[in-house]
Amino acid sequence: MNEERLKQIFLITGGIVLTAFCLLPFLWMIIISLGKNPDFLSGQTSFGFTFNNYTAIFTSSSVHLLDYLKNSLIVSTIAAILATIIASLSAYAITRLKFPGRILIPLLLLGFSMFPQISLLGYLFKMLSELGWINTYASLIFPYVTLALPLALWIMLSHFSRLSKELDNAALIDGAGRLKILSKIILPISLPGLFSAFILSFIFSFNEFLFALMFTIDYKARTIPVGIALFEGLYGQIPWGYIMAAAVIAVLPIIMVIALFQKYIMQGLTEGAIKG
Amino acid sequence: MPKNSETKQGYIFNIPLIIVVAIFIVVPVVGTIITSFFRDVSFLPEKFIGLENYKRLFSDTHFWQSFEFTILFVLISVLLEIFLGTIFALVLNENIPGKGLLRVVILIPWAIPIAISARAWELIYNFEYGLFNYIIIQLGLSSSPFNWLGSSTGAFFSIVISDVWKTTPFITIILLAGLSTIPADLYKQAKIDGTNFIKRFFYITLPLLRPVLIVALLFRTIDAIRIFDLIYVLTGGGPGGSTTSVSLYAFKYYLSGDFGYGSAISVLIFLLASALAILYMKFGRLTEEFK
Amino acid sequence: MPNKKIFILIITILLTLTSGCGNNKKEFTIWIGGSPTEVDYWQILINRFNDSTNSDLQLIRQPTYTDQRKQSLIVSLEAKQRNPDLFLMDVVWLNQFAKSGWLYSLNKYAKEKDFSLNNFFRGIINSVDKTDGTLYALPVFLDVGLLYYRKDLLKRYGFDSPPETWQELVEEAEKIQNGERKNNKNFNGFVWQGAQYEGLICNFVEFIASNGGSIMQNGEIKLNSPENVTALKFMRDLVLKYKISPGNTYTEMKEEEVRRAFQRGNALFERNWTYALKLHDSKDSNVKGNVGVALLPHFDNNKSASALGGWHIGISKFSDEKNKAWKFIKFVTSYNVQKDLVTSVGWNPGRKDLYSDKSLNKKLPQLKILYEALGNSVPRPSLPYYNKVSDIMQRYINECIAGKISSKNALNKIQNEINSVENVYAEK
């Protein structure tokens with residue numbers, strides 16, 4: 001049928017466009033990172049395939065690529081763990097216990113998530129300075145937990161609300177405390193939800209830029225988005241080869257995460273969106 | 001007795017969340033609002049000045065330029081994202097081979113830190129040896145290279161394109177979720193009745209997609225107003241300040257030591273985002289009523 | 001027990017947080033940016049200092065670009081960080097840094113027996129290193145704007161010395177440009193920095209001062225003087241009327257663009273800082289051996305003027321190693337180290353006495369001109385809100401040069417906007 005053919009064509013073209021669209025900059029990153037001359041398109045130089053860029057950024061002590069990566073991984077993981085735990089605790093209480101404000105809390109949190117980060121930046125900077133936390137992991141972890149909480153909470157809320165309260169009631173009758181119920185009964189069967197919340201919080205924290213830009217000063221706490229954004233390299237002119245090589249290394253963790261956990265990410269995002 | 005302990009427990013479980021939010025959101029927001037009423041400049045003694053910062057802001061042409069830029073950017077980007085997002089969602093909704101792979105691919109622009117992909121874009125937009133100018137010249141679309149980052153128009157579109165690239169996946173996923181809630185029977189029935197693809201799209205898909213579309217629009221608009229990372233890395237707000245978003249404008253004041261003025265700008269941005277959120281919710285509810 | 005598990009997890013996390021950064025160690029650090037060769041040389045200097053005084057100063061590399069260096073410094077200082085203990089500052093930052101309470105007073109150190117302020121240029125110390133009578137920094141190296149010229153071309157066209165007035169420069173440039181364009185259509189008479197950035201202000205300051213004009217009068221900014229109007233109009237005429245400066249002067253021309261144009265052989269006259277001299281004489285320079293250096297020209301019945309640039313060193317108010325830091329400052333501003341800076345990296349010493357050093361003068365004949373230029377040097381306004389003033393000036397001066405507004409209008413507009421800025425930022 002004509003329509004079937006049209007649909008086929010539409011889908012195939014759509015698929016190709018989608019793939020090309022999404023992958024273009026990433027592929028370009030890889031290509032340039034493997035060449036000696038980033039300006040080979042100007043026709044005045046050849047491409048010059050080489051792995052030099054990668055070896056250079058790893059062996060140069062002033063690049064601090066591994067430091068940035070380490071900082072990012074630590075900060076993002078801890079923030080994601082904390083966000084998931086805190087969200088689970090709150091979500092459990094909201095779906096299981098009656099107390100004034102149980103509807104208000106998620107709504108308020110949703111409202112807070114609309115805040116532009118810039119509105120928090122100035123005063124947060126002063127607070128963190130007073131605490132002496134500037135250029136430490138703490139200066140990033142706690143703000144990231146706060147920023148990731150709204151989505152994490154909505155994900156856990158939607159998961160817990162689908163679990164029957166009978167499970168809890170049965171354990172309650174046996175004399176179990178709420179916390180025990182949560183940890184021994186509810187959480188184990190909510191792993192997909194926990195996972196979604198964790199991964200989304202991780203991705204969000206890993207990608208954060210504004211706070212990391214202002215709250216960290218050097219390689220001791222600086223995260224990788226800031227490191228790559230400000231990367232000037234070792235010599236005067238912008239060393240695109242090095243930057244792209246560093247960029248490829250920097251995004252590898254994220255690519256791995258989404259390749260492995262695409263399902264959870266999709267689930268988490270749609271839940272957060274539909275509920276919102 | 002159960003009621004009381006339930007309330008107590010309810011609060012106890014929420015203590016971590018309340019503490020974290022109170023310290024890292026409520027306090028900074030209140031602090032920012034208060035600071036906006038002060039002259040807080042690194043080389044001057046602190047002084048309460050009431051609405052002075054706001055008065056200054058209202059007659060600050062550079063601020064209004066950045067405001068115009070931000071609004072224009074939001075309008076164009078969000079429209080393009082919704083358009084592309086819908087198409088991509090329709091593609092992903094079908095059972096085609098490679099569906100799993102496509103779903104990973106679609107996540108890549110969204111998952112990569114924008115500060116990093118912005119550098120790849122910097123290279124793609126390069127005047128002398130960037131990919132886009134190469135393609136433009138090779139395809140004969142123009143005889144001379146286009147000044148992507150060095151002209152205000154060029155920089156504007158560079159930012160729009162890169163932002164659309166980055167956030168279309170997010171829209172796509174949301175719309176995809178919406179599409180999946182539309183019962184397949186509706187389409188089957190329509191096909192039997194003989195309605196063609198286009199009619200099915202406009203009379204079944206779109207109307208049922210509307211609530212999700214509104215949510216997507218809402219989130220994206222409020223998000224787009226905050227744009228910072230991409231602009232900071234790609235254009236630095238230039239050339240000549242023509243691509244400075246309101247967030248970047250506030251940031252520059254913080255960086256130069258004028259926290260008072262930066263706070264006032266931040267408060268305005270926050271009010272703007274809130275106003276938009278309220279507007280959307282009202283509008284969203286209205287269209288719900290109309291169905 | 002789940003309670004315990006969560007508790008332990010949280011404690012572990014908190015411990016990781018507080019220990020994962022090492023900000024508790026006492027460190028003695030200096031932040032240096034700039035070109036890689038410069039930073040490399042600083043490392044050598046610091047090693048020498050550490051060896052000879054048994055110290056542990058660490059060099060932390062900063063970005064190359066001035067703006068980024070300033071930004072990261074400001075963040076650190078606003079956060080009252082203990083590091084860096086020492087840092088270099090562009091001459092135009094000094095007032096802002098001092099007035100913001102970020103610098104430690106050097107008064108007591110300057111009074112020490114083995115140190116004398118007389119070894120430095122009094123005018124410069126008083127106008128930029130001291131704020132409200134307190135000494136906050138010392139010059140490490142100074143910089144001035146100079147006129148570079150092609151000796152061979154002047155000779156070929158019958159001129160036996162570089163121009164002393166702007167009128168002479170225009171005449172020589174027009175004649176030679178016409179001649180050279182026959183073979184090289186990229187040739188320009190005079191290249192200088194006219195893009196919209198800080199460097200434009202340096203050029204501007206030189207043009208107006210060489211006509212007897214100035215930015216400040218009686219401690220206040222007053223720009224719309226007839227001398228300034230004439231000088232600014234001349235800047236525009238160079239590009240649009242006499243056409244001896246290229247069309248991209250006001251869009252692209254910054255230090256490196258100007259230097260490269262001259263070094264490729266595409267310019268007769270160049271206005272640039274002193275760093276260009278060494279490069280013009282390098283192996284792959286098309287103008288090697290043909291470059292002369294002179295004071296910048298002036299308008300009739302006036303004096304040559306050079307913008308004052310350079311970098312100064314100061315101690316952070318929040319440093320935990322202030323005495324050690326002073327030792328390094330003494331080291332870096334000592335006679336021998338400064339002499340070495342000149343011969344190794346080609347910087348101009350911050351110390352006055354070095355300009356009369358015989359062996360130096362033999363090695364670098366241009367030292368005499370540098371000394372004269374320093375005598376004619378014009379600082380940019382010493383205001384804590386200077387960068388705001390500069391932004392406004394850059395915008396309208398650039399518009400004027402591009403032919404969009406007249407010089408009188410430009411200066412009036414600048415004056416108006418600066419008045420509003422002063423209402424906010426001038427001390428009241």
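Helices here are DSSP runs of H or I with at least four residues, strands are DSSP runs of E with at least two, and both are numbered from the N terminus. By that count, chain B has twelve helices and two strands. What you're looking at is a predicted model, where local features need pLDDT of at least 70, side-chain atom pairs count only at pLDDT 80 or more, and totals for chains, interfaces and linings use all residues. Residues are numbered from 1 along each chain as its sequence is written, while chains are lettered from A and ligands numbered from 1 in the order in which they are written.

**Chain B on its own**
- Along the sequence, chain B runs α-β-β-α-α-α-α-α-α-α-α-α-α-α.
- Its C-alpha atoms fill a box of roughly 80 × 75 × 35 Å along the principal axes.
- Chain B has 291 residues, and 45% of them count as buried (20 or more other C-beta atoms within 10 Å of a residue's own; 12 or fewer makes it exposed, in between is partly exposed, and C-beta atoms are placed from the backbone).
- Take the contacts in chain B with a separation of 6 or more: 68% of them join residues 24 or more positions apart (a contact means that the C-beta atoms, placed from the backbone, lie within 7 Å).

**A closer look at Pro16(B)**
- Pro16(B) sits in helix α1 of chain B, residues 2-35.
- Pro16(B) is partly exposed because 18 other C-beta atoms lie within 10 Å.
- Setting aside neighbours within four places in sequence, Pro16(B) is in contact with Ile86(A) and Leu89(A).
- Ile116(B) is 100 residues away from Pro16(B) in sequence, and 33 Å away in space, C-alpha to C-alpha.

**Where chains A and B meet**
- The contact takes 76 residues from chain A and 76 residues from chain B.
- On the chain A side, the helices that each supply at least two residues include α1 (2-33), α3 (65-96) and α6 (138-161).
- The largest share of that side of chain A, 17 residues, comes from α12(A).
- By class, the side of chain A that touches chain B has 57 nonpolar, 13 polar and six charged residues (Ala, Val, Leu, Ile, Met, Phe, Trp, Tyr, Cys and Pro are nonpolar, Asp, Glu, Lys and Arg are charged, and the others, Gly among them, are polar).

**Two domains in chain C**
- Chain C splits into domain 1 (26-143 + 308-378) and domain 2 (146-307 + 381-425), with bounds from an automatic or database domain assignment.
- The C-alpha centres of these two domains of chain C lie 28 Å apart.
- In chain C, 20 residues of domain 1 are in contact with 21 residues of domain 2.
- α16(C) gives the most to the side of domain 1 that touches domain 2, with four residues.

Key: Contact = placed C-beta atoms within 7 Å.
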